[in-house]
Amino acid sequence: MPERFEVGVPDGVRLHVEVTGPADAEVTAVLLHGWTLDGRAWHRQVEALTAAAGGEAVRVVTYDARGHGRSSCMALPTATLEQLGDDLAAVLDTVAPTGRVVLVGHSLGGMTIMEYAHRHPEHFAARTAGLVFVSTTAEGHTHTVYGLSPRIARLIRLAETTGAGVLARCGSWRAPRALLRALQPSIRWMLFGDRCEPADIRLVTSAVARASLRSIGGFRASIGAQHRLDTLAALAHLPAAALVGDRDRLTPPPCAESIAAALPATELTVCPGAGHMLMMERPDEVNSALTGVLRRVLAGAPMGGATPAGAGA
């Protein structure tokens, strides 16, 4: 069973953290979930890593971002990627203060890793030994057209942006579960590809029901505006992998391709027929990429020493 506890950050927010594996493990893998989700999204990866490592070589950490899952809500001005990057630094200081770390991010989680590297370059370089990016982007909403024509995509983005502003003012309230059940066909279309297990839809719906309306709406502006390709370009020395589904409507293949271009040694995997929820839709591919990076780190890949370009700006 995982160890569960809370990590407090300077503004008073409490982050729900779950840890599996020994404190003296050679490497700690920190898995960061996507927007409106929570740490449960990684359950297949946690199980696979625990089984593969035999509980000896790798420690696995998941946590719920502020305003998500079991973590507490926050003031609206802190619903930003910049704050999420600061939160990641705080979690690492508490949960894994020493040793090598492999950072694994899905969607918003991947963007959080990039922001951490940008805002805390020395901290990042001293700790981070590997990276895995799953269905994420370094270019905001540049490539997001929802699988539709650009004109329709612009209309959807306008409606989404307007709606996000309304939700952001709703504080710690949560979406009614009955409403979310009614929206399950839309959730399935937006997040999944050709195939979807009913249990995965239920888990995603449950996660959205736990997210505060402030976090659902408040993070939207920051997500759309982020551009961190320059930051990534300074991390090319790290073992890394990037994965994307070719049916991903939120972070389509060009998002992963630009990440791989910024990190030329990155192993890029495009999963046919898969959507945005690769850790659920294609767990074997995600697990393989993650264990591949971990093997390279455990084999003695050097720790990073470069400082991300433009850091601290």
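Which residues line the largest cavity? I looked this up and found Leu15, Leu32, His33, Tyr63, Asp64, Ala65, Arg66, Leu84, Asp87, Leu108, Gly109 and Thr112.

**Ground rules.** I am working with a predicted model, in which local features need pLDDT of at least 70, side-chain atom pairs count only at pLDDT 80 or more, and totals for chains, interfaces and linings use all residues. Residues are numbered from 1 along each chain as its sequence is written, and side-chain values use heavy atoms, with hydrogens and water left out.

I noted two cavities of 30 Å³ or more in the structure. A cavity here is a set of points, on a 1 Å grid over the protein atoms alone, where a 1.4 Å probe fits but cannot get out; a pocket is an open set with protein on both sides within 12 Å along at least five of seven lines; lining residues have an atom within 4 Å of a point. Grid points are joined across faces, edges and corners, and a volume is the space filled by probe spheres set on the points. The largest cavity holds about 100 Å³. Helix H2 (81-95) and helix H3 (108-119) each supply at least two residues of its lining, and H3 gives the largest share, three residues. I took helices (H or I, at least four residues) and strands (E, at least two) as DSSP runs numbered from the N terminus. By class, the lining of the largest cavity has six nonpolar, three polar and three charged residues. Ala, Val, Leu, Ile, Met, Phe, Trp, Tyr, Cys and Pro count as nonpolar, Asp, Glu, Lys and Arg as charged, and the others, Gly among them, as polar.

**Second largest pocket.** I read a volume of about 290 Å³ for this pocket. Its lining has 19 residues, with Pro2, Glu18, Gly39, Arg40 and Thr62 nearest the centre. Strand E2 (14-20) gives the most, four residues. The lining divides into six nonpolar, five polar and eight charged residues.

**Pro2.** I then looked at Pro2, in the segment before E1. Pro2 is partly exposed, at 24% relative accessible area; buried means under 20%, exposed over 50%, and partly exposed in between (1.4 Å probe, protein chains only). Beyond its neighbours within four places in sequence, Pro2 is in contact with Glu18, Val19 and Thr20, contact meaning heavy atoms within 4.5 Å.

**Sheet.** I traced an open sheet of eight strands with mixed pairing, in the order E1-E2-E4-E3-E5-E6-E7-E8. Strand E1 (3-8) and strand E8 (267-271) each have a single partner, so one side of each is left without a neighbour in the sheet. Two strands pair if DSSP finds at least two bridges between them.

**Strand E3.** Why is E3 (residues 27-32) largely enclosed by the rest of the structure? Six of its six residues are buried, so the rest of the structure largely encloses E3. In a regular strand the side chains alternate between the two faces of the sheet. In E3, Val27, Ala29 and Leu31 point one way and Thr28, Val30 and Leu32 the other. E3 runs parallel to E4 (residues 58-63) over six bridges, with Val27 opposite Val58. Six bridges also join E3 in parallel to E5 (residues 100-106), where Leu31 stands opposite Val104.
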